[in-house]
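These are my notebook entries on a single protein model. I record here what I looked up and the terms I applied.

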Amino acid sequence: MSRTDGPAPLAPGELARRLAAFPRAGLGTFPTPLERWPRLGAQLGLGERLLAKREDLSGLAFGGNKVRQLDLLLGDALARGADTIVHGGALQSNYCRMLSAACARLGLACQLVLSRAYDQPDDQGNVLLDLLAGATVHTLEEPLGPAYEAAKARLAERLRAQGRRPYLITYPRSETLGTVAFAEAALETLAQCDDPAGPTGGRRPALLVTAAVGSAQAGYLLGSRALGWPLRVRGIAPLGAEYPVAETIAAAARAAAELLDLPSSLVARGDVDSSAAHVGGGYAVPTPEGLAAIRRVARSEGVFLDPVYTGKAMAALIADAEAGTLAPDGEQVVFLHTGGNVALFAYAPALLADLRAADGELLRAL
Ligand SMILES: Cc1ncc(COP(=O)(O)O)c(C=O)c1O
């Protein structure tokens, strides 16, 4: 749907100028590739119209969507004179893995508070890389939520009392700067789409599908609206419907609009298309459809997704394509690959069970 009643679109150069005002930590490799996925596209009846934006190739510590966000967040931390970063998540947090590596590169101490509440191994995947990169890892049993956030804040206070200069990555500032980072991703993607020699042939896709709880969806919405690109952004939440994901995204877009001197009305709550229909048993619980989507993308495009975020987002894309509702008017569709594939190693039992169900015997003695 194109908007005729909104503010005049911003020239890309003007948005780039506003974005350049934010301090950066100099992390990552950008632009990330925008590429066609023609084999999967053919299987899904989309032909050449399926593309992927490869944030998993953002260049730091196996990549992912947080590299772009950390570039700004740690730029902010450095500008404020921090010497220690405090953050956390689930034991298999992708964010913390990228943060651990970023801190190592920037000479910052990294203190993580990781929750054991999600039935994830503590000797594999992301947490193994946190330890390898030198992060100090504290664990607690509480799930993510107010008690966990309070524990993070107490740790930051303790470090301050010890004479450190901690920077606590926490809502809403992390979400706001993360959204600014993804407004920049929208600008970057639009330039790739507008290139007649590029993967879209110079056409602008109508739909982007992504796993999302916040910044990625908010930033793509804000950036595309600011530039006058009528992009629909379909967010597939990795959390149950009890979490106010759409409200979080709308609030993040509003706060980021203010930082970028854009009208706060650019993204309304009603513009946020967020679905919790593919979460299955809950956060970080693999679903049969998500595991099948991981297998399908690995075997059609040679690209690895993950069971917590991108596998479920791809399961949603596949279900909509098979129902004929994804892009019924022949539009191009972009799947945002937000990374997370390091977590594959932490989910080996579920992945192997899916492979055995599909293939039978896996390893054959010669
Ligand atoms: C692989 C992956 N995809 C998506 C997300 C969600 O990102 P956002 O908070 O920008 O919505 C995360 C992290 O939370 C992630 O690790």
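Entry 1

D119 is placed in the loop between β4 and α5. I note a positive phi of about 55° for D119, although D119 is not a glycine. The elements are DSSP runs numbered from the N terminus, with helices (H or I) of at least four residues and strands (E) of at least two. The model is a predicted one, in which local features need pLDDT of at least 70 and side-chain atom pairs count only at pLDDT 80 or more, while totals for chains, interfaces and linings use all residues. Residues are numbered from 1 along each chain as its sequence is written, and side-chain values use heavy atoms, with hydrogens and water left out.

I also looked up A61, which is not a glycine and has a positive phi of about 50°. A61 sits in the loop between β2 (50-54) and α3 (66-79). At a relative accessible area of 25%, A61 is partly exposed. As background, most residues other than glycine have a negative phi, and most peptide bonds are trans.

I then recorded two cis peptide bonds. One joins F30 and P31, with omega about 5°; P31 belongs to the loop between α1 (12-19) and β1 (34-36). Another joins Y171 and P172, again with omega about 5°; P172 belongs to the loop between β6 (166-168) and α7.

Entry 2. Salt bridges.

How many salt bridges does a search of the whole structure find? I recorded 23, each being a side-chain nitrogen of Lys or Arg within 4 Å of a carboxyl oxygen of Asp or Glu.

I followed R116 through two of these pairs. R116 forms a salt bridge with D122, the closest N and O atoms being 3.1 Å apart. R116 also meets E141 in a salt bridge, at 4.0 Å from N to O. In accessibility, R116 is partly exposed at 33%, D122 is partly exposed at 39%, and E141 is exposed at 57%.

I next looked up R296 and E322, which form a salt bridge with their closest N and O atoms 3.3 Å apart. This pair joins helix α10 (residues 288-301), which holds R296, to helix α11 (residues 310-323), which holds E322, across 26 residues of chain. R296 counts as partly exposed at 25% relative accessibility, whereas E322 counts as exposed at 55%. I also noted a network in which K53, E55, R68 and E188 are joined by salt bridges that share partners.

Entry 3. The two domains.

Where are the domain bounds? The domain assignment gives domain 1 as 12-63 + 173-359 and domain 2 as 66-168; such bounds come from an automatic or database assignment. Their C-alpha centres lie 24 Å apart. The contact (heavy atoms within 4.5 Å) takes 36 residues from domain 1 and 30 residues from domain 2.

I recorded about 2800 Å² buried between domain 1 and domain 2, 64% of it on carbon and sulfur atoms. Buried area here is the accessible area (1.4 Å probe) that two parts lose on being put together, summed over both. Across this interface the rule finds three salt bridges. Separately, I noted that the side chains of D76 and R173 meet in a salt bridge of 3.0 Å, N to O. Helix α7 (residues 173-193) gives the most to the side of domain 1 that touches domain 2, with 10 residues.

Entry 4. Two single residues.

Is S100 buried or exposed? S100 lies in helix α4 (residues 94-106) and counts as buried at 1% relative accessibility. Leaving out residues up to four places away in sequence, S100 touches C110, L112, D130, A133 and A135.

G330 is placed in the loop between α11 and β10 (333-337) and counts as partly exposed at 27%. With the same exclusion of residues up to four places away, G330 touches R49 and R203. The C-alpha atoms of G330 and P205 are separated by 10.0 Å, the two residues being 125 residues apart along the chain.

Conventions: Buried < 20%, exposed > 50% of the residue type's maximum accessible area, 1.4 Å probe, protein only.
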